[in-house]
Amino acid sequence: MAPPAVAVDLPLPQRLMALAQTLQFGWFVGHLTLLLTTFRYAIAALKFSTSSTGASVAYRIGFLSAAVTYGIVVYKAYRPRIRAGQVPTGQQGILKVLADENVQYLFMALVWLYSKPIIYALLPFAVYSTFHFLTYLRTNLIPAVLSPAPVSSAAPSAKPAAPAVSEAIAKFVKNNYDYSMHLVANLELFLWARIFGGAIIFKNSWILLALYTAFLRVRFAQSGFVKDAVKGLERRGDALMADTNVVPEGVRTAWGLVKTGVKSFGEISDLGRFLSTGAPNGAARKTQ
C-alpha cells in the first residue's frame, strides 16, 4: 500500500492525526494487533492453557485483525474497479479475483476465525504481519515522528538522510524476507499435515481440510516458495527412504503411493491456465 503524503512542517500531533485518519493506519493497527494476540496465544500455548478464556479471545481477535487488514487491501484494490464498472464477471472474472493473494488470505482468515482453534494457524499470518508492521514503521510512522536529518549545504539538492532506525529496519527486511517466506511456506505445509491428521482422528472437520487443501493448491500454483518447500519435503522423504536396511519395504511403497497421489491431484487440479502465476519465473508476489 502506497504511503500517504504527510507534511513534515506540521506539528507532531497534526502529523500523527493525519496518519491516523487513513485506511492504511487501520491496516497497520490490524497487523500490530495480530502480532500482539499471536504473542499472547503463544504464551498460553507454552503454558498448555490455550483453552483459557484469554487465549481463546486472543486467537479470535488475531484472525479478526487478519481479516480486517486483508479486507482493507482488497477493498482499496477493487473499489476503483467497481466504481469504474470494471467488476470481474463470469468464470474468468471469478478466477482472477481468486488469484489475488490478498483475497486468498482474507478467505483463510475468515475460515480460521470461525473454525476450531489450531495452535499453529496464526503463525503464517504473524510472519507476514511482522514485515508489514516494520515496513509501515519505516515508511510512515518514523518519518512522521522523527525529523529527517539535515541536508548538507554542499549538496542542497540531495534527499534528507533517513534516520538510522529506518535504515536498520530496511536492512532487516531485505536480509530476512526470502528466508521468512520459505518459513511461511513450510509452516503452511506443516499446518496442512496437522489438519489432515486432525481430520483422521476427528479433531477438526473434513470441510476444513478440503478448504485448506484448495488454498494450498492455489498457493503452490502461484508461489515459488511453496514449490520449493514441497520439493524440499520430497527430497528429504526420498533420502529417508533410500536406506533399504532401515526402512521396511511397505513404508517405501506407501511413500511412493503418496507421491503418486500428490502428483495426480496436482495434475487434476491444475488451474495454471486460468490463474496468474504472479511475477516472472514463478516468483511470489508480496501479500499486503
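Helix H10 contributes eight residues to the lining of the largest pocket, the most of any element. The structure is a predicted model: local features need pLDDT of at least 70, side-chain atom pairs count only at pLDDT 80 or more, and totals for chains, interfaces and linings use all residues. Numbering starts from 1 along each chain as its sequence is written, and side-chain values use heavy atoms, with hydrogens and water left out.

**Pocket.** The largest pocket has a volume of about 920 Å³. Its lining has 22 residues, and Leu189, Val230, Leu233, Val262 and Lys263 are the closest to its centre. A pocket here is an open set of points on a 1 Å grid over the protein atoms alone, where a 1.4 Å probe fits, with protein on both sides within 12 Å along at least five of seven lines; lining residues have an atom within 4 Å of a point. The volume is the space filled by probe spheres set on the points.

By class, the lining holds 13 nonpolar, three polar and six charged residues. Ala, Val, Leu, Ile, Met, Phe, Trp, Tyr, Cys and Pro count as nonpolar, Asp, Glu, Lys and Arg as charged, and the others as polar.

**Fold.** The protein chain has ten helices and zero strands. Helices are DSSP runs (H or I) of at least four residues; strands (E) need at least two. Of the 288 residues, 35% are buried. Contacts (heavy atoms within 4.5 Å) with a separation of 6 or more are 72% between residues 24 or more positions apart. The chain exposes about 16,600 Å², with 67% supplied by carbon and sulfur atoms; the areas come from the Shrake-Rupley method with a 1.4 Å probe.

**Annotated spans.** An unreviewed UniProt entry places "transmembrane region" at residues 25-45, 57-75 and 189-215. Such annotations may be inferred rather than shown by experiment. Residues 25-45 are 100% helix, with end C-alpha atoms 30 Å apart. Residues 189-215 are 81% helix, and their end C-alpha atoms lie 11 Å apart.

**His132.** His132 sits in helix H6 (residues 122-145). His132 counts as buried because its relative accessibility is 12%, and buried means under 20%. Leaving out residues up to four places away in sequence, His132 touches Trp27, His31, Thr287 and Gln288.

Note on methods. Buried means under 20% relative accessible area, exposed over 50%, partly exposed in between (1.4 Å probe, protein chains only).
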